[in-house]
Amino acid sequence: MGDDRHPALGRACRRQRLLAVAAGGLAGLALPPLGLPPLIWIGLAALWALAGDPPAAGAPEGRRWCGLLWGAAAVLVSHRWLLWLHPLDWIGVPGPLSLPLCLALWGACGLAGGLLVEGWLTLVRLGNAAQPATAVATACVWGLAEVLLARGPLFWIGLGSSALPGDPALAGVAALGGAGLVAALQVLVGWCLWRLLRCSGSRRGWLALTGLVVLGSHLLGLAAMAGVTAELNRELNGELAGSPPGSPLVLAASSPALGFLPLPPSPSAATAPPASAERLLVLQPAIPTRRKFEAAQQRRLLEQLALAQRRSAPGASGRPVQSLLLPEGALALGQPLPEVAAVEVLSGGFRQQGAGLHSSLLRFAVGGRDPVGWVDKHRLVPFGEWVPLAHLWSWSGLSAVGGLQPGQPNRLLSRPAGPIGVAICYEIADGTALARASREGAGWLLASANLDPYPALLQAQFLALARLRAIETGRWLVSAANTGPSVLVDAAGRLRDRLPAGRNGSAVFSLRPRSQLTPYDRWGEAPLLMALAIALVLILRRPPVRHQGEAASQEDQFR
């Protein structure tokens, strides 16, 4: 790659590749838990430069594979939590193979991300990167690609989720066009920065355009969330007096034993929340996945569950709890409740259907011990829960439960108190499925997860995705996770409360189901598709650039 026989050309090639690695790494670092879009804009400006700047004289090969290097660096930095899979001896992988296997999985993710960015860069180079229409079209392609990838098994987090926690105003745009629109706007900001730095003469026009895109995006996000925020603030300031949404009523002791503090005294009936509000008891067992299916750990979980059932039973307090929530995979296959359900129980577990095993969110009705409803996990983790061509392999996957079968894509769970939208762990990355559930009547969202043994980095990314899903759908979201994050997020994406990560405990969260639909619930990716169609029409109507001088003359069009 590159003509290294000439020292000057070789140095130019190396500089471009180093720029690609540094810019991609900066973009990966800017993703949650930092969530700092300005760092991403800098990284994207460098990517646009790799696409649109003239190559070093006589060395056009110097830009070859720069997109791959940018994308690989971004994914390797943002997905470094994959290394916490090591050691894998608890599932039978020999010690000497564990670290190489984890490194191979991490590297494969980086390679896949790099190839995707290289393909996008190739698409940009087919047109004229300096044209605004090209910038809009390829930005829309990036945003739509993230949305499409999130529907499959090979995507976790991207530019669409990068605005949180640092820039909630920009994240508010997701209520209009989802994560894809947030991603597209950031790609456009990167293009504006590149044109600002590369234009000749006065930069006032490009500076004004860059400011317009940045300021306009933020004002658009704030306007999209204004109504929801005002409504939630009214509830917080009085309509749920005595128990504002997210008020913690039960917290855990830090000891590994059963650590539930007693419920508080019953408030007066005058301060009880409206009947339309739901009170949910979330249980966070904090049982290591490596020991999850040991008999002693199962007994401990069932003891916690039985105690939580008694605490939430009518008459145990003057403020009844409607539902008891447990995380993904809490119950073993075929495990009934330890006691007859006094309230509805929504628990992660496993379900056998024919020869297929499903990871599911199970619903136990009042008065029963066996599930009466469920939603099966549809989006399975590659090689962790699902192995391609598994029937040809003797290895059933990295999961402690072996290979799983995907369920139906519908995320709606019917229940007497009103339907809810369900995301089981990794499914939190797919915003379109939860928007569809909201459109079909879901009043709030439940994310049931188990993120052990991954570090706090992955929990922060999960929380950013959960907040974005709440913004997109205009729904409260409750996360019940084994080790965290067990949180309550309101319909404006604001974190209302959470349990301490990694510690056994429980909390009661109050929320109000909502039926209002956001523009994203109604229209999905229609704004992005419309912008792409308009940009393509402008590109097709514009005469092709015939020589470099004509392209250079476009740099002054915003002076």
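This note walks through the salt bridges, aromatic pairs and charge-over-ring contacts of the structure above.

1. A word on the basis. This is a predicted model, in which local features need pLDDT of at least 70 and side-chain atom pairs count only at pLDDT 80 or more, while totals for chains, interfaces and linings use all residues. Residues are numbered from 1 along each chain as its sequence is written, and side-chain values use heavy atoms, with hydrogens and water left out.

2. Let us start with charge pairs. The whole structure holds 12 salt bridges (a side-chain nitrogen of Lys or Arg within 4 Å of a carboxyl oxygen of Asp or Glu). One of them joins Glu-525 to Arg-151, with 3.9 Å between the closest N and O atoms. Glu-525 sits in the loop between helix H12 (519–523) and helix H13 (526–541), and Arg-151 in the loop between helix H5 (132–150) and helix H6 (168–171), so this bridge ties together parts that are 374 residues apart in sequence. Helices (H or I, at least four residues) and strands (E, at least two) are DSSP runs, numbered from the N terminus.

3. How well covered are these two partners? Glu-525 counts as buried at 11% relative accessibility, whereas Arg-151 is partly exposed at 41%. For these words, buried is under 20% relative accessible area, exposed is over 50%, and partly exposed is in between (1.4 Å probe, protein chains only).

4. Another salt bridge to look at is Arg-415 with Glu-344, whose closest N and O atoms are 2.9 Å apart. Arg-415 belongs to the loop between strand S6 (412–413) and strand S7 (420–424), and Glu-344 to strand S3 (residues 344–353), so the bridge connects parts that are 71 residues apart in sequence. Arg-415 is buried, with a relative accessible area of 7%, and Glu-344 is buried with a value of 7%.

5. A local bridge comes next. Arg-469 and Glu-472 meet at 2.8 Å, N to O. Both residues lie in helix H11 (residues 456–473), 3 residues apart, about one turn of the helix, and both are buried. Elsewhere, salt bridges with shared partners join Glu-278, Glu-344, Arg-363 and Arg-415 into one network.

6. Now the rings. There are 8 aromatic pairs in the whole structure. Rings of Phe, Tyr and Trp (its six-membered ring) pair if their centres lie within 6.5 Å; planes under 30 degrees apart count as stacked, over 60 as edge-to-face and the rest as tilted. Trp-48 and Trp-194 are a stacked pair, 6.2 Å centre to centre with 15° between the planes. This pair links Trp-48 in helix H2 (residues 37–52) to Trp-194 in helix H7 (residues 174–198), 146 residues apart. Both Trp-48 and Trp-194 are buried.

7. Trp-81 and Tyr-454 have ring centres 5.2 Å apart and planes at 85°, so they are edge-to-face. Trp-81 is in the loop between helix H3 (66–78) and helix H4 (95–126), and Tyr-454 in the loop between strand S8 (445–449) and H11, so the pair ties together parts 373 residues apart in sequence. Trp-81 is buried at 7%; Tyr-454 is partly exposed at 22%.

8. Finally, Trp-194 turns up again: Trp-48, Trp-70, Trp-120, Trp-142 and Trp-194 form one aromatic cluster. Arg-195 lies over the face of Trp-194, 4.8 Å from the ring centre, and the charged end of Arg-379 sits over the ring of Tyr-426, 4.3 Å from its centre. Such a contact needs NZ of Lys or CZ of Arg within 6 Å of the ring centre and within 35 degrees of the ring normal.
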